[in-house]
Amino acid sequence: MPSIWRGHSWSAHGDADANLVKCLMDRIRAGASLPSADLLAHNPSLEASAAQALDALAPRRVPCMFHADDPVFMASSKYGLQEIMHEVELWASECGAAFHTTPDKTVYMCAGADASQGRPIVFNGVQLSAVSVQRWLGILWPDDLDFTGVLRSRLQLCDESVAQLAGLAQMNVISWPMLCELFESQVDSLMDIGRWLFIMVAGAETLICDSYNRWARILLGAEWYRNAGTCSSEMGWSISGYHRVVLTVAVFRAKLCLTSCDDWHRSFHTLAAQLQCGWSAQSLSVLRAHGVMDWPTWAGAGSTLEEYRAYVVGVLREAFILHWRPCVEKHSMHPPYSAFEESPGVVLSFCKALQLDAVSEMSLRHWCRLRCGLPLLSHIGGRESGARYQNYIFCEQSTRKPVIHGVAICPHWTMQRQAFSAAVGMSPGDSHINFTQRWLSRIGDKATLAIVLKWAALIDQSAYNFWKSH
Ligand SMILES: [Zn+2]
C-alpha cells in the first residue's frame, strides 16, 4: 500500500477505468507521485481504479475461497468483484458448470462500507442482494467485523441450553458429573464455534466470565448473588470462561505454525501479523497479556500440540488461582469454602477417581450445594431472615451457624453423625468446626464419602421440602 493512501477508508462502490488502472499501476511501480487520499475520497471512479491497480500489483491475493460447495469471492472494490463474477460466468459456460443463484444464499457485502451504494453486483443475470451480515461456516460475519453481536447472541443461545440443563438438575434425573459433562458437550460446544474470534470483541473477557459464572450458579441452583468462585469450582472448572478463549487462540496459532511453509493460511497469518490491527497481531498480544508463550517460542524439537495445550492450561490455571482465592475468601458461610478446599475444580475429578456407585453419584449435587452453603437451613417464624441468630429448620434450636449445627450438634441427625464419626474415627466433641470441615472436605474413601453424600442429600431435600411447605 503506497503511504499516501494508507489512512484512506475505502468506500468500494465506484467503477474503475481501464486506462486509469494501467496508469496508476505504472506510477505505483515507478514510485512516482500519486493522487492524494482526499482525491480518492471525492472521486469514486478514481478510488475504484486505485483499488483495482493495487489488486493487480499485489504479490499475493485471495480472490476466492472454496469451502465444500460454499465459494466466497473477494475483491478490493465492487467493480473488482463484478469483474471476478464475469470471469466465473465465462468459466462456468466453458465447463458446463451451473451455479444455483438464490436470493438468500447468493449475496454480497462490503467490509467497512455501505454495500447499497453504487451499482449492484449481477451474477448469472440475477441482481444479487447486498447484506450487512451473512452466515458462513456456522458464524455470522458482520460487514464491520465487529463480533459483539455474534458473541451476545451466542451467549443467549447458551443461556437457553443452560436453562434446559438446570431443569434436569432440579428434577434430579441425572447425576452431577453427568450434568457437568453435558454442559461441556451441549453448552460449551456452542461457544466453540468461532471462539477464536471473540478476542476481537471489546469487553469480551467480562462478558464471557460473567456468563460462565452465571451458568455455574444456575446449574447448582444458587441465587445470582452467590459466590462465583465456589460455584464454578463445584462445576469442575479450574480456568475462567475467557481462559477457554485464550486456550483456543493459543492452540489455533500453534496449529497454523505446524502447517507446511507453503500453506496459504500460514503465509497470510505471517503477513497479517505485521499489521497493527487484525486477529494475527491481536491474538499474540492476548497470549502475552496472559503470560502464555507462543508456540514458536515455547516449542522444542519433538514438542507435540498436546504438550503445548497442557502447558497453556497450566499457565492459565496458575493465573486463575490468583484471582480465584480472593474471590472464594469472600465466601461468608460457616465453614467458609476456603477452609476445606484449596484448589478450584478438583472435587469432580476426585469423585470420578473414587468410582462412586449410582446412588452416591445422584447425591453429589446436594453435597456440592452444601459445600457452597446454598441450602437455606434456618428461619425465623417460617421465613427467610437476615437475623444473626435463627432457628435450625429441623429442630427449632437457635443457631448462628446452621451447617455446623446440623453436622456436628443437632440431635435430629444423630444416626447419620454416628455413622460418619465411626468411618472417620473422629468425634464432633473435639471441635464442631473441624468435624464439619472434615465432612465437607474431599478426603477419605468411597465408603466414607457414600455416608456423607447420603446425609447431604437428606439435608438438602428436607430443606427444600421445608421451604415448599412454608
Ligand atoms: Zn438442632
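Domain 2 and domain 3 have their centres 35 Å apart, taken over C-alpha atoms. This is a predicted model, so local features need pLDDT of at least 70, side-chain atom pairs count only at pLDDT 80 or more, and totals for chains, interfaces and linings use all residues. Residues are numbered from 1 along each chain as its sequence is written.

The division itself runs like this: domain 1 is 81–142, domain 2 is 146–344 and domain 3 is 375–469. Those bounds come from an automatic or database domain assignment.

Back to domains 2 and 3. Their contact takes five residues from domain 2 and eight residues from domain 3. Contact here means that two C-beta atoms, placed from the backbone, lie within 7 Å. What is the side of domain 2 that touches domain 3 made of? Four nonpolar residues, one polar and no charged.

Now the cores. The largest nonpolar core has 75 residues. By core I mean a set of buried Ala, Val, Leu, Ile, Met, Phe, Trp, Tyr and Cys residues joined through C-beta atoms within 7 Å. Buried means 20 or more other C-beta atoms within 10 Å of the residue's own; exposed means 12 or fewer; partly exposed is in between; again, C-beta atoms are placed from the backbone. The residues with the most contacts inside this core are Ala 216, Leu 219, Leu 220, Val 246, Val 452 and Ala 456. Helix H19, residues 446–468, gives the largest share of the core, nine residues. Helices (H or I, at least four residues) and strands (E, at least two) are DSSP runs, numbered from the N terminus. Why does this core lie between domain 2 and domain 3? Because both domains give residues to it.

Take Leu 220. Leaving aside neighbours within four places in sequence, Leu 220 is in contact with Cys 231, Glu 234, Cys 368, Arg 369, Cys 372 and Leu 374. There is also a second, separate core of 14 residues, including Val 21, Leu 40, Cys 110 and Ala 115.

Leu 220 aside, look at helix H7, residues 204–220, where Glu 205 lies. Glu 205 is partly exposed, with 19 other C-beta atoms within 10 Å. Glu 205 and Cys 158 are 47 residues apart in sequence, and 16 Å apart C-alpha to C-alpha.

Next, the sheet. Three strands make an open sheet, in the order S9-S10-S11, with antiparallel pairing. Strands pair if DSSP finds at least two bridges between them. Which strands sit at the edges? S9 (378–379) and S11 (398–399), each pairing on one side only. S9 and S10, residues 390–392, pair over two bridges. Ser 378 has Tyr 392 in S10 as its bridge partner. Helix H16, residues 402–409, lies across S9, S10 and S11, at about 30° to S10. That angle is between N-to-C directions, on a scale from 0 to 180 degrees, with axes fitted to C-alpha atoms, for helices over the stretch in contact.

Over to the hairpin. Four bridges join S7, residues 133–136, to S8, residues 139–142, and the two run antiparallel. Trp 136 stands opposite Ile 139 in S8. Two residues sit between the strands, and Leu 137 in the turn has a positive phi of about 55°.

Ile 121 is in the loop between strand S3 (107–108) and S4. Buried or exposed? Ile 121 counts as buried, with 22 C-beta neighbours inside 10 Å. Beyond four places in sequence, Ile 121 touches Lys 78, Leu 81, Gln 82, Met 85, Tyr 108 and Leu 128.

Last, backbone geometry. Most residues other than glycine have a negative phi, and most peptide bonds are trans. Asn 124 has a positive phi of about 60°. Asn 124 is in the loop between S4 (122–123) and S5 (126–127). Gln 355 has a positive phi too, about 50°, and is in the loop between H14 and H15 (358–371). With 9 C-beta neighbours inside 10 Å, Gln 355 counts as exposed. Finally, a cis peptide bond joins His 334 and Pro 335, with omega about -10°. Pro 335 is in the loop between H13 (305–329) and H14 (347–354).

Terms used
Ala, Val, Leu, Ile, Met, Phe, Trp, Tyr, Cys and Pro count as nonpolar, Asp, Glu, Lys and Arg as charged, and the others, Gly among them, as polar.
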